[in-house]
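Subject: Structure for your files

Hello,

Below is the structure I said I would pass on.

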Amino acid sequence: MNPGIAPSGLFWTTALPENAVKVNLGDGSAVMQATNLSVLDFGDFGNSLFGGGVPPVPATVSFTVRWSGVLDRAKVVSTDTGMTGEFIRNTAQMEWSATVGDFDFVSAPAETSASDFAEIGQERNGTFFTRG
Amino acid sequence: MNATQLRAASERASRVNSPYAQANHGPKGLSRREFVRTTAGVVAAGAVAATGLWRPSLAYGAAFASSDPVPIPGGTPGLGGAFHIYAPAAIDSIDAEPITITDFNGFVGLTYLSGTVTRRNRVTREVVELPFLGADMRFMHGIYRGADGRIRQGTFGFV
């Protein structure tokens, strides 16, 4: 099994400190930050899904992702997957750094990054899902 | 997670016309090795080392324990539903589920980001500038029902 996927199937998801995320749906802004988060470098996408390749290398990563603006608003109700939410489609930028083995990575300033797609919102799923 | 790689893998997978298994270990009708080679080939063609770095470690398993969030049921058809994730506006509908945990009520965010990163080898001092493409970053911040059935406050990142 891929070591980045929990035995439960939880996919590449990790706990962050409570203050790692701040959201303001009024103006469409949000920030997610982490410092020296422990992760693994699997080397390639296939290995990160299925394992079986080179053993993953311990790594740490720090990042700040900022969402901003309001391009569109959408209300979504999916009875198929059992989720409902109100979303703001906007843009995002990120600055990050990482250390893996002998390598240090430092991204260019956040202003030089761009998002293909970005959204923030408020949603309920599973046992919290109601169609209202 | 890398949306570019996921999309490429999905497109490549659809071309080999093989439905994936529901199991966590890979595609039905396509061996695990073949699928890895398929996705790895796509990755080798266009992926960037920098964006392959961020994969949460199972070392976090101990911290999760019985308070673990529960993964969403199902997953993107692009990967045969074998992985509990969707990629809205990348390989799935723009309105697809953006988070990875179920029994959740709170704030969420998702984005696919591209830019450049400088890689420095501390031993050889070699410095290389690389692009990162479609880095998939998500958050979940609210209340959730853990694997033990208890409701908790939590903040999670998909990185």
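Starting with chain B: buried residues make up 54% of its 159 residues. Please bear in mind throughout that this is a predicted model.

Chain B contains three helices and four strands, and from the N terminus on these elements run α-α-β-α-β-β-β. Of the contacts in chain B with a separation of 6 or more, 59% are between residues 24 or more positions apart.

Confidence

The model scores ipTM 0.95 and pTM 0.81. Chain B has an average pLDDT of 71, and 59% of the residues score at least 70. Within chain B, confidence is highest in β2(B), at 98, and lowest in helix α2 (residues 32–46), at a mean of 30. Over residues 12–63 of chain B, pLDDT stays under 50, although the model has 117 contacts beyond four places in sequence for that stretch. Where pLDDT is low, the predicted coordinates should not be read in detail.

Chain A

Chain A has one helix and seven strands, in the pattern β-β-β-α-β-β-β-β along the sequence. Its C-alpha atoms fill a box of roughly 50 × 35 × 25 Å along the principal axes. Of its 132 residues, 48% count as buried. Residues 24 or more positions apart account for 60% of the chain A contacts with a separation of 6 or more.

One hairpin in chain A can be described in some detail. Strand β2 (residues 21–24) runs antiparallel to strand β3 (residues 29–41), and four bridges join the two. A:Asn24 has A:Ser29 as its bridge partner in β3(A). Four residues lie between the strands, and in this hairpin A:Gly28 takes a positive phi near 75°. In a regular strand the side chains alternate between the two faces of the sheet. In β2(A), the covered face holds A:Val21 and A:Val23, while A:Lys22 and A:Asn24 are on the uncovered one.

Where the chains meet

74 residues of chain A are in contact with 77 residues of chain B. On the chain A side, at least two residues each come from β1 (13–15), β2, β3, α1 (45–50), β4 (57–78), β5 (83–100), β6 (103–107) and β7 (114–125). β7(A) gives the most to this side, with twelve residues. By type, the residues on the side of chain A that touches chain B divide into 44 nonpolar, 21 polar and nine charged.

β7(A) also pairs with strand β2 (residues 104–121) of chain B, in the antiparallel sense and over ten bridges. As one example, A:Gln122 has B:Phe107 as its bridge partner in β2(B).

A glycine in chain B

Where is B:Gly146 placed in chain B? B:Gly146 is in the loop between β3 (127–145) and β4 (151–158) of that chain.

B:Gly146 and B:Ser67 are 79 residues apart in sequence, but their C-alpha atoms are 4.8 Å apart in space. Leaving aside neighbours within four places in sequence, B:Gly146 is in contact with B:Ser66, B:Ser67, B:Asp68, B:Pro69 and B:Arg152.

Regards

Terms used. Residues numbered from 1 in each chain as written. Chains lettered and ligands numbered in written order. Predicted model: local features only at pLDDT ≥ 70, side-chain atom pairs only at ≥ 80, totals over all residues. Contact = placed C-beta atoms within 7 Å. Buried ≥ 20, exposed ≤ 12 C-beta atoms within 10 Å, placed from the backbone. Pairing = 2+ DSSP bridges. Nonpolar A, V, L, I, M, F, W, Y, C, P; charged D, E, K, R; others polar. pLDDT = per-residue confidence, 0-100.
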